[in-house]
Amino acid sequence: MLIPPPSGKKVLWQEMLRHELLDAQANNGVVIVPVGSVEQHGPHCPQDVDISIPYHLAIRAADALDDVPVLVAPPVLYGFTHYNMGEIGTITLGLETFIAVLCDVTRSIWANGFRRIILLNGHGGNQAPTWSASVKLAEEDVWALAITYWAMAEDELRAWSDADEGSIGHGGEWETSLQLYLRPQLVDEARMVKDEWRRHFSPEVQRYAIFPERRREMAHGVMGDPFVASAEKGERLFTVLLDRLVTLCREYHAAKPPAYREFGSHCP
Ligand SMILES: [Zn+2]
C-alpha cells in the first residue's frame with residue numbers, strides 16, 4: 001500500500017489543481033518520478049517492495065521541504081524484471097517498452113515546463129535501462145537525473161550490514177528491514193528463508209563477471225539474509241536516504257539545469 005504524506009500535505013502530481021501546478025512550475029519545482037517494479041521478493045515480502053521504497057522516499061522528501069516545491073509524479077510501477085519471471089507474482093515490461101515509458105513520462109513532465117526531474121529508481125534490473133533512458137532524453141535536450149536509491153547510502157550500507165556486505169539484496173537484510181519499517185503489516189516473518197546463491201563463478205570472479213540476468217540463481221528468489229533484518233535498521237537507513245534526497249532536491253532547485261545553459265557558454 002502506497003500512502004500519502006503523514007502530514008497530509010498535498011504533494012502528488014495527480015491531485016494538484018491547475019493553479020497549484022502552475023505555481024510549482026513557476027517556482028522551479030522539482031518533480032520526482034518513483035520508478036519500481038512488481039516482482040517476487042521471496043516468500044515473506046510483497047510484490048511491490050521496489051516501488052514502495054522510492055515512493056515513500058519521494059513523498060517524505062516532498063513533505064519535508066517547505067521552501068522548495070517538490071511534486072511526486074504517479075509512480076512507474078512496472079519495471080524491467082525479466083529475470084524474476086518464473087517466480088509467481090512478477091510482471092515485467094519489455095526492455096524497449098520500459099525505456100519508452102520512462103522517456104514518454106519524462107518528456108511530458110518536461111513539456112509541462114518542469115526542468116528539474118528525478119527518476120528515483122528502486123529496482124536493480126531498472127538501473128541500466130533508467131540510465132539509458134536519461135541518456136536518450138539528453139540527446140533531445142530533455143534532462144532528468146536517473147538515480148537508484150541505495151546509491152545514496154553506499155557507505156552506510158557497507159558499514160551497517162550484519163550479513164549482506166553492503167548489498168541491497170532482494171528480500172534480504174536491507175529490503176526486509178525497510179519493509180519492516182515502512183509496512184510491517186505486509187511482511188510475514190514466519191515465511192522468511194535464506195537462499196544460497198548458485199553462483200556461476202567464484203565470489204572473487206563474480207565481482208566483475210556478472211551475467212545480465214540472475215534467473216534461478218536462488219531457490220526461493222531471496223538474495224541476502226532477511227533473518228538479520230529489523231524495523232530499527234530500516235528506519236536508520238531510510239533516515240539517511242531521506243536526508244540525501246532532501247539535500248539533492250534543495251541543490252537541484254538552486255542549480256541551473258543543463259538545458260538552461262546558453263549554447264556555447266561552456267566554451268572559453
Ligand atoms: Zn527489490
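Is S132 buried, partly exposed or exposed? With a relative accessible area of 36%, S132 counts as partly exposed, because this value falls between the 20% limit for buried residues and the 50% limit for exposed ones. The model in which this residue is described is a predicted one. S132 belongs to helix α4. C103 itself is buried, because its relative accessibility is 1%.

A disulfide is a covalent bond between the sulfur atoms of two cysteines. A search of the whole structure for such bonds finds 0 disulfides.

The next subject is the metal site. A zinc ion is coordinated by H41 through NE2, and by D50 and E175 through two OD and two OE entries respectively, at 2.0 to 2.8 Å. Along the chain, the donors of the zinc ion follow the spacing H-x8-D-x124-E. Both H41 and D50 are buried.

E175, a further residue of the zinc site, is one of the buried residues of helix α6. The buried residues are E173, W174, E175, T176, S177, L178, Q179, L180 and L182. Against which elements do the buried residues of α6 pack? They pack against α2 (49-64), α5 (154-160) and α8.

Rolling a probe the size of a water molecule over the atoms shows where empty space is left. The largest pocket holds about 1400 Å³ of space. It is lined by 44 residues, and those closest to its centre are S167, I168, G169, W197 and M223. Helices α4 (127-139), α5 and α7 are the elements that give two or more residues to this lining. By class, the lining of the largest pocket comprises 17 nonpolar, 12 polar and 15 charged residues.

A search of the whole structure finds 1 cavity of 30 Å³ or more, and the largest cavity has a volume of about 40 Å³. Its lining is formed by H200, F201, Q206, A209, I210, F211, E213, R214 and E217. These residues divide into 4 nonpolar, 2 polar and 3 charged.

R214, one of the residues that line the largest cavity, lies in the loop between α7 (203-206) and α8 (231-254). R214 counts as partly exposed because its relative accessibility is 22%. Which residues does R214 contact, leaving aside its neighbours within four places in sequence? They are Y83, H170, W197 and M223. W197 and M223 are also among the residues closest to the centre of the largest pocket. The C-alpha atoms of R214 and W197 are separated by 9.9 Å, and the two residues are 17 residues apart along the chain.

Another loop residue, F80, is located between β2 (70-72) and α3 (95-111). F80 counts as buried because its relative accessibility is 18%, and the limit for this class is 20%. Leaving aside neighbours within four places in sequence, F80 is in contact with T92, L93, G94, L95, F98, H123, G125, N126 and P129. F80 and T130 are 50 residues apart in sequence, while their C-alpha atoms are 9.6 Å apart in space.

Most residues other than glycine have a negative phi. N28, however, has a positive phi of about 55° although it is not a glycine. N28 is found in the loop between α1 (18-26) and β1 (30-35), and it counts as partly exposed because its relative accessibility is 30%. D141 likewise is not a glycine and has a positive phi, of about 65°. D141 lies in the loop between α4 and β4 (145-148). With a relative accessible area of 40%, D141 is partly exposed.

Note on methods: Residues numbered from 1 in each chain as written. Predicted model: local features only at pLDDT ≥ 70, side-chain atom pairs only at ≥ 80, totals over all residues. Heavy atoms only, no water. Donors = N, O, S within 2.8 Å, 3.2 Å for Na, K, Ca; no water. Buried < 20%, exposed > 50% of the residue type's maximum accessible area, 1.4 Å probe, protein only. Helix = DSSP H or I, 4+ residues; strand = E, 2+ residues; numbered from the N terminus. Contact = heavy atoms within 4.5 Å. Disulfide = S-S within 2.5 Å. 1 Å grid on protein atoms, 1.4 Å probe; cavity = no way out; pocket = protein on both sides within 12 Å on 5 of 7 lines; lining within 4 Å. Points joined across faces, edges and corners; volume = space filled by probe spheres on them. Nonpolar A, V, L, I, M, F, W, Y, C, P; charged D, E, K, R; others polar.
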